[in-house]
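Hi,

Here is the structure I said I'd pass on to you.

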Amino acid sequence: SSAPLFRTIAKIYGYNDKDDNDHDNNSEPLTNEFLSALCAAKLLQNILSDSQILEIVIAIAATIPFQPILHDKGPLDRLFDRLVQLLVPLNMPQQEEPQKQQQQQQEEYNDNANKTSQVN
C-alpha cells in the first residue's frame with residue numbers, strides 16, 4: 001500500500017497526521033510543489049524504491065519559493081527539522097558526523113596496514 005509513503009510525504013511538507021487542516025501551523029499554504037511531489041510518488045511507486053522517491057520529494061520541497069522566515073528559521077531549516085523528526089521512525093540511515101566517519105576510516109586503514117605488515 002502506498003498510504004504510508006503518502007503520509008510521509010505529507011509530513012515532509014508540514015502536514016500533521018492528527019488534523020487534516022493543520023499544515024505547519026497554517027504558516028505555508030498548499031503548494032504546487034506538494035502536489036507535484038504526490039504525483040511524482042504515484043507515478044514512480046512501481047519503478048523506484050520508497051527511499052529514492054523520498055529523495056525526489058525532498059528535492060521538490062526545497063524548491064518552494066517565497067517562504068517566510070518563521071521563528072528565526074528559514075524554509076530549508078524547517079524542512080530539515082521535519083526530516084530529522086521523520087528520520088528515526090522511518091529507519092532511514094543517519095549520516096555520521098564527517099569527523100567521526102573519517103576517524104573510523106583511518107582506524108580501519110591502520111588495522112589493515114598492521115595486518116599486512118605482520119604477514120610480511
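**What I found**

Of the protein's 120 residues, 25% count as buried. Keep in mind that this is a predicted model. Among contacts with a separation of 6 or more, 55% are between residues 24 or more positions apart.

Now for a pair of helices. Two packed helices are described by the angle between their axes and the distance between the axes. Take helix 1 (residues 3–12) and helix 3 (residues 50–61): their axes come within 11 Å and cross at roughly 25°. Angles under 35 degrees count as roughly parallel, and helix 1 and helix 3 are therefore roughly parallel to each other. The crossing of helix 1 past helix 3 is right-handed.

Which residues of helix 1 and helix 3 meet? From helix 1 you have Leu5, Thr8, Ile9 and Ile12, and they meet Asp50, Ile53, Leu54, Val57, Ile58 and Ala61 of helix 3. Sorted by class, this contact has 8 nonpolar residues, 1 polar and 1 charged.

On to charges. Side chains of opposite charge can pair when their charged atoms come close. How many salt bridges does a search of the whole structure find? The search turns up 1. Lysine 73 pairs with aspartate 81 in a salt bridge, and their closest N and O atoms are 2.3 Å apart. Lysine 73 is partly exposed, at a relative accessible area of 33%, and aspartate 81 is partly exposed too, at 26%.

Cheers

How values were computed:
Residues are numbered from 1 along each chain as its sequence is written. This is a predicted model: local features need pLDDT of at least 70, side-chain atom pairs count only at pLDDT 80 or more; totals for chains, interfaces and linings use all residues. Side-chain values use heavy atoms; hydrogens and water are left out. Axes are lines fitted to C-alpha atoms, for helices over the stretch in contact, and angles run from 0 to 180 degrees between N-to-C directions. Helices (H or I, at least four residues) and strands (E, at least two) are DSSP runs, numbered from the N terminus. Angles under 35 degrees count as roughly parallel, over 145 as roughly antiparallel, 65 to 115 as roughly perpendicular and the rest as oblique. A crossing is left-handed if the near helix is turned anticlockwise from the far one by less than a right angle, and right-handed if clockwise. Contact means heavy atoms within 4.5 Å. Ala, Val, Leu, Ile, Met, Phe, Trp, Tyr, Cys and Pro count as nonpolar, Asp, Glu, Lys and Arg as charged, and the others, Gly among them, as polar. A salt bridge is a side-chain nitrogen of Lys or Arg within 4 Å of a carboxyl oxygen of Asp or Glu. Buried means under 20% relative accessible area, exposed over 50%, partly exposed in between (1.4 Å probe, protein chains only).
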